[in-house]
Amino acid sequence: MDVGQGLLLALAILAVCCLPALFALLFCADEIIDRVACGWAEWREQRRERRTIARLDRAIEAEALTRDIDLTEFDRDGRRPLDQLATDLRRLGGHRLAAADRSVVWHGAVIEAYDERLRAACRALDIVEHLAELDGVDREIERVRVEGLLHAAGLTLPAARAAHHQRHR
């Protein structure tokens, strides 16, 4: 057996061994092409999003806006996460607005807990508030002002219900 015949035999064995893989490739070609096309489209979309975010950052100078924020303040022990504070504020805000059928003591406790969460959210977002120093109508006005500042900072709080009307007659 010479070298040419040995090479031909090796190629024949290789072809027989690769035949199942070729059949699988032939039958699954549409799936493979679809996965490659979807992967390519996803990569392009992610790249487009990254470029858009980078352009927006440059346009609003995001680095300049966040340069003075101390991020270590968000990692300190004992600090409640902002999303948990927002959840508490929404829950307590709903109780506060629906307190018509509750006792005065219960309503006072809900208001105090709500104000404490407002103060914690203000500390987390570095917003100045004066809730602890005020009482009566002044405290109500300060609460509305603080809620507005928290809303402007991106913390959505429950608004007064449409069915809830003040009675000043």
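**Entry 1: packing of α4**

I looked up what the buried residues of α4 pack against, and found α5 (104-125) and α6 (136-152). Contact here means heavy atoms within 4.5 Å. Helices are DSSP runs of H or I with at least four residues, strands are runs of E with at least two, and both are numbered from the N terminus. This is a predicted model, where local features need pLDDT of at least 70, side-chain atom pairs count only at pLDDT 80 or more, and totals for chains, interfaces and linings use all residues. Residues are numbered from 1 along each chain as its sequence is written, and side-chain values use heavy atoms, with hydrogens and water left out.

I then listed the buried residues of α4: Leu85, Ala86, Asp88, Leu89, Leu92, Gly93, Arg96 and Leu97. They cover an arc of only 160 degrees around the axis, so they sit on the same side of α4. The arc is taken from the directions that run from the helix axis to the C-beta atoms. Buried means under 20% relative accessible area, exposed means over 50%, and partly exposed lies in between (1.4 Å probe, protein chains only).

Helix α4 covers residues 82-97, which is 16 residues. Its first and last C-alpha atoms are 22 Å apart, close to the 22 Å expected at 1.5 Å a residue. The expected span is 1.5 Å times one less than the number of residues.

**Entry 2: α5**

**Entry 3: α6**

The 17 residues of α6 should span 24 Å at 1.5 Å a residue, and the end C-alpha atoms are 25 Å apart, which agrees. I found Arg139, Glu142, Arg143, Val146, Glu147 and Leu150 buried in α6. Their arc around the axis is only 140 degrees, which puts them on the same side of α6. What covers them includes α4 and α5.

Which exposed residues lie on the face turned away from the buried side of α6? I noted Val137, Ile141, Val144 and Ala152 there.

I picked Arg139 in helix α6 and Arg119 in helix α5. Arg139 has a relative accessible area of 16%, so it counts as buried. Arg119 is buried too, at 15%.

Arg139 touches Glu112, Asp115, Arg119, Leu131 and Leu134. Arg119 touches Glu112, Glu129, Leu131, Ala132 and Arg139.

Leaving out residues up to four places away in sequence, Ile127 touches Cys122, Leu149, Leu150 and Ala153. Ile127 and Ala153 are 26 residues apart in sequence, and their C-alpha atoms are 9.3 Å apart in space.

Asp126 is in the loop between α5 and α6 as well. With a relative accessible area of 71%, Asp126 is exposed. I flagged its backbone: phi is positive, about 60 degrees, although Asp126 is not a glycine. Most residues other than glycine have a negative phi.

**Entry 4: α1 against α2**

I turned to helix α1 (residues 3-27) and helix α2 (residues 29-60). They pack at an angle of about 65 degrees, with axes 4 Å apart. Axes are lines fitted to C-alpha atoms, for helices over the stretch in contact, and angles run from 0 to 180 degrees between N-to-C directions. Leu25, Leu26 and Phe27 of α1 meet Ala29, Asp30 and Ile32 of α2. By class, I recorded five nonpolar, no polar and one charged residues in this contact. Nonpolar covers Ala, Val, Leu, Ile, Met, Phe, Trp, Tyr, Cys and Pro; charged covers Asp, Glu, Lys and Arg; the others, Gly among them, are polar.

**Entry 5: whole chain**

I closed with totals. The chain has six helices and zero strands. Of its 169 residues, 20% count as buried. Among contacts with a separation of 6 or more, 56% join residues 24 or more positions apart. The chain exposes about 13300 Å², and carbon and sulfur atoms supply 61% of it. Areas come from the Shrake-Rupley method with a 1.4 Å probe; for residues, only the protein chains shown count as cover.
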